Amino acid sequence: METLKWLETNGVAGRKKPTHTSSPSTPISVNLAKDSSHSVTFINRERSMGKKADKAKQKKRKGRKGRGVDGSPLSDFICEWKVEKLKMHEHKMKIEKQKLMLAMQELVVHKEVEENMIQLEERQEDARRKIEEKRIKFEERQVEMRIMMMDVSTFK
């Protein structure tokens, strides 16, 4: 309690330490000379970063490159999982595209085969028609030949 009383009398009891100290970004000039000459000495009140803090900052900066928002292992795993999922989706799309290309090629081949079949059927029909025409002509000639070979003397 005595220390508390002493703190209260000195006016320090109600004060809290600041959570962070802010140092000015520009150095403060202090005139150290006793005479009023124009020499000004600058004292940089900004404290340099310690080795531990500097290493931690560099490690944090390095570690964040491929990491998630908070840099935790779970976040890293989720990011890697999403990347793998995206790669698998791209691979699946590539396979589907290849399947589609094969189907289109098959369709083109099928269409060509159908066209060839139609052309073949048309040629066959033309050949049948020509054969039928020749058969009819042949029969007509035979009839004419029979008529010409008939003996007309018996017709009286």
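Lys130 counts as exposed in this predicted model, since its relative accessibility of 54% lies above the cut-off of over 50% that the term requires. The residue has its place in helix H3, and on the surface Lys130 gathers with Lys134, Lys137 and Arg141 in a patch of positive charge.

Helix H3, which spans residues 73-149, belongs to a protein chain with three helices and two strands. Read from the N terminus on, the elements of the protein chain follow the order α-β-β-α-α. Of the 156 residues in the protein chain, 3% are buried. The accessible surface of the protein chain amounts to about 16,100 Å², and carbon and sulfur atoms account for 59% of that area.

A nonpolar patch on the surface can be considered next to the charged one. Leu74, Phe77, Ile78 and Trp81 make up this patch, and together they have about 450 Å² of accessible area. Leu74, one of its members, is found in helix H3, and with a relative accessible area of 57% Leu74 is exposed, because the term applies to values over 50%.

What places Met49 between the elements, and which residues does Met49 touch beyond its neighbours in sequence? Met49 lies in the loop that runs between strand S2, residues 41-43, and helix H2, residues 51-63. If neighbours within four places in sequence are left aside, Met49 is in contact with Asp54 and Lys57. The relative accessible area of Met49 is 44%, so that this residue is partly exposed, a value that falls between the limits of 20% and 50%.

The charged side chains also pair with one another, and a search of the whole structure finds six salt bridges. Among them is the one that Lys99 forms with Glu96, in which the closest N and O atoms are 4.0 Å apart. Lys99 and Glu96 are separated by about one helical turn, because they stand three residues apart in helix H3. Glu96 itself counts as partly exposed, at 39% relative accessibility.

Another salt bridge brings together the side chains of Arg128 and Glu125, with a distance of 3.2 Å from N to O. Arg128 and Glu125 both lie in helix H3, and their spacing of three residues is about one turn of the helix. Glu125, at 38% relative accessibility, counts as partly exposed.

Which salt bridge joins Arg135 to Glu132, and how many residues apart are they in helix H3? The side chains of Arg135 and Glu132 meet in a salt bridge with an N to O distance of 2.2 Å, and the two residues, both in helix H3, are three residues apart, about one turn of the helix. Both partners are described as partly exposed, Arg135 with a relative accessible area of 38% and Glu132 with one of 34%. Salt bridges that share partners extend this pairing, joining Glu132, Arg135 and Glu139 into one network.

Terms used:
Residues numbered from 1 in each chain as written. Predicted model: local features only at pLDDT ≥ 70, side-chain atom pairs only at ≥ 80, totals over all residues. Heavy atoms only, no water. Helix = DSSP H or I, 4+ residues; strand = E, 2+ residues; numbered from the N terminus. Buried < 20%, exposed > 50% of the residue type's maximum accessible area, 1.4 Å probe, protein only. Areas by Shrake-Rupley, 256 points an atom, 1.4 Å probe, with all protein chains shown as cover. Patch = residues over 30% accessible without salt bridge, like charges linked within 9 Å, V, L, I, M, F, W, Y side chains within 5 Å. Lys, Arg positive; Asp, Glu negative; His and termini not counted. Charge placed at Lys NZ, Arg CZ, Asp CG, Glu CD. Contact = heavy atoms within 4.5 Å.
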